[in-house]
Each structure stands twice: as C-alpha cells, then as structure tokens.
Amino acid sequence: QVQPVESGGGLVQPGGSLRLSCEASVIIFNVNGMGWYRQAPGKQRELVATITTGGRTNYADSVKGRFTISTMSRENIRNTVWLQMNSLKPEDTAVYYCNVMMKIGRDYWGKGTLVTVSS
C-alpha cells in the first residue's frame with residue numbers, strides 16, 4: 001500500500017519560507033511523477049506543482065518564481081518530493097497534499113499538512 005506522508009507545514013509570517021517534504025515507498029518505475037496540491041478553506045483543491053520522473057516540472061501561475069519542486073529516489077523505491085516555498089503570502093494558506101501519479105491505476109494522496117501564512 002502506497003501511503004505518502006507529508007511533513008513541514010506550520011505557521012509562517014508573510015514573506016517567509018517553508019519547505020514541505022513528502023515520502024512515499026513505491027517502485028519508481030511504476031510512477032509517472034509526484035506533486036503538490038492545496039486546498040484553502042471553502043475552495044476546491046488545486047494544483048501547486050508537479051514533477052515527472054524525468055524531471056519535467058509544472059507550476060501553478062500563482063506560485064511561479066516563488067515555489068520550487070524537487071524530488072529524489074533512493075534504491076528505486078524510497079521517493080521523496082520537496083516543495084520549497086519562498087515569499088509566502090496569506091493567500092498561500094491551505095492544506096497541502098502530496099500526490100503520487102501512477103502509470104497504471106489510481107493516484108495516491110497524503111493526508112495533508114497545514115500551511116498558515118499570517119502575521
């Protein structure tokens with residue numbers, strides 16, 4: 001059972017930085033990529049950033065230039081994806097979810113980590 005586990009959320013002031021981490025034990029050859037999504041109160045879940053196993057990245061317009069996604073696979077099964085978030089804004093406040101995009105079958109989601117940007 002693939003169960004992504006996120007960490008790194010918390011409270012940060014506007015303009016500050018946080019780094020989120022997600023670990024997932026899954027054979028990397030079965031994975032298309034990993035990514036981060038977020039859901040703010042009263043809003044739908046939205047894409048933040050994704051990265052394919054080939055290293056291709058995709059960002060929401062609202063985070064381009066501020067967030068950076070990266071990933072590493074160890075022993076082809078221990079996979080970590082990070083989201084470095086800089087110049088945080090109050091509108092970045094949300095629960096951030098890690099996503100593992102499989103080549104076959106359903107994607108897997110973490111339980112989420114809360115990021116609050118407030119003074």
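**View 1. Lys 111 counts as exposed because its relative accessibility is 72%.** Here exposed means over 50% relative accessible area, buried under 20% and partly exposed in between, with a 1.4 Å probe and protein chains only. In this predicted model, local features need pLDDT of at least 70 and side-chain atom pairs count only at pLDDT 80 or more, whereas totals for chains, interfaces and linings use all residues. Residues are numbered from 1 along each chain as its sequence is written, and side-chain values use heavy atoms, with hydrogens and water left out. Lys 111 lies in the loop between strand 10 (108–109) and strand 11 (113–117), strands being DSSP runs of E of at least two residues, numbered from the N terminus. Apart from neighbours within four places in sequence, Lys 111 is in contact (heavy atoms within 4.5 Å) with Gln 3, Pro 4, Glu 6 and Tyr 97. The C-alpha atoms of Lys 111 and Val 95, which are 16 residues apart along the chain, are separated by 9.2 Å.

View 2. Strand 3 and strand 8 (residues 78–85) run antiparallel and are joined by eight bridges; in strand 8, Trp 82 is the bridge partner of Ser 21.

**View 3. Phe 29 is placed in the loop between strand 3 (18–25) and strand 4 (31–39).** Phe 29 counts as exposed because its relative accessibility is 53%.

Technical notes:
Helix = DSSP H or I, 4+ residues; strand = E, 2+ residues; numbered from the N terminus. Pairing = 2+ DSSP bridges.
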